[in-house]
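Student: I've got a model open and I'd like to go through it with you. Can we take it a piece at a time?

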Amino acid sequence: MKPELLTHPTAEATTLAAMRDDAELAVQLAETLDMADYSTPQYQAIFEAIKRLAASLEPLDAQSIADEALRVVKELKLKTVITPEFVSALTGDPRRAVAYAATVKRRSWLRKASDVATWIL
């Protein structure tokens, strides 16, 4: 399968933007998705940061998310940089976030299946 078919950048950005903007939705999507469901280290770190902040009832603003994402990057030794500007620039239709969460999860499963198929061959 073509690698570009295994990711959906719009779905990933939309779920993260919705989580940033709606604490209740952040909790809901944090229960549905995992950090590994995201295709890039940036999105993985942002997801984990929002999940941690939402669980601790901290504010979900761009600066707080970027600061927590920096801790995630250091802790997990990810090779990426997260800025408040990048977090603020995430956009998407929040009404589609739940449906897009299913897309993010499905594409993650496809990436994992593709990895296994490649390993078998």
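Student: Which backbone oxygen lies 2.9 Å from a polar atom of the side chain of T15?

Tutor: We're looking at a predicted model, where local features need pLDDT of at least 70, side-chain atom pairs count only at pLDDT 80 or more, and totals for chains, interfaces and linings use all residues. Residues are numbered from 1 along each chain as its sequence is written, and side-chain values use heavy atoms, with hydrogens and water left out. A polar contact is a pair of N or O atoms within 3.5 Å; within protein, one must be able to donate a hydrogen and the other to accept it, and residues adjacent in sequence count only if both atoms are side-chain atoms. For the side chain of T15, the backbone oxygen at 2.9 Å is that of E12.

Student: Is T15 buried or exposed, and at what relative accessible area?

Tutor: T15 lies in helix α1, and helices here are DSSP runs (H or I, at least four residues), numbered from the N terminus. Buried means under 20% relative accessible area, exposed over 50%, and partly exposed in between, with a 1.4 Å probe and protein chains only. T15 is buried, at 0%.

Student: Leaving aside its neighbours within four places in sequence, which residues is T15 in contact with?

Tutor: Contact means heavy atoms within 4.5 Å. With neighbours within four places in sequence set aside, the list for T15 is L29, L33, Y38, A97, Y100, A101 and V104.

Student: How do α1 and α2 sit relative to each other?

Tutor: Helix α1 covers residues 9–21, and its axis and that of α2 are 5 Å apart at an angle of about 135 degrees. The axes are lines fitted to C-alpha atoms over the stretch in contact, with angles from 0 to 180 degrees between N-to-C directions. Under 35 degrees counts as roughly parallel, over 145 as roughly antiparallel, 65 to 115 as roughly perpendicular and the rest as oblique. The pair is therefore oblique.

Student: And who makes that contact between α1 and α2, and how many of those residues are nonpolar?

Tutor: From α1 there are T15, A18, M19 and D21, and from α2 there are A23, L25, A26, L29 and A30. Ala, Val, Leu, Ile, Met, Phe, Trp, Tyr, Cys and Pro count as nonpolar, Asp, Glu, Lys and Arg as charged, and the others, Gly among them, as polar. The contact has 1 polar and 1 charged residue, and the nonpolar count is 7.

Student: Why do the buried residues of α2 line one face of the helix?

Tutor: In α2, residues 23–32, the buried ones are L25, A26, L29 and A30. Viewed down the axis, they line one face because they fall within a limited arc, taken from the directions from the helix axis to the C-beta atoms. An α-helix has 3.6 residues a turn, so residues three or four places apart point the same way. The arc here is 135 degrees.

Student: Where is L57, and what is its phi?

Tutor: L57 is in the loop between α3 (41–55) and α4 (62–76). At 78% relative accessibility, L57 counts as exposed. Although L57 is not a glycine, its phi is positive, at about 60 degrees.

Student: Last one: which residues is T7 in contact with, leaving aside neighbours within four places in sequence?

Tutor: T7 lies in the segment before α1, and at 21% relative accessibility T7 counts as partly exposed. With those sequence neighbours left out, T7 is in contact with S39, R107 and R111.

Key. Helix = DSSP H or I, 4+ residues; strand = E, 2+ residues; numbered from the N terminus.
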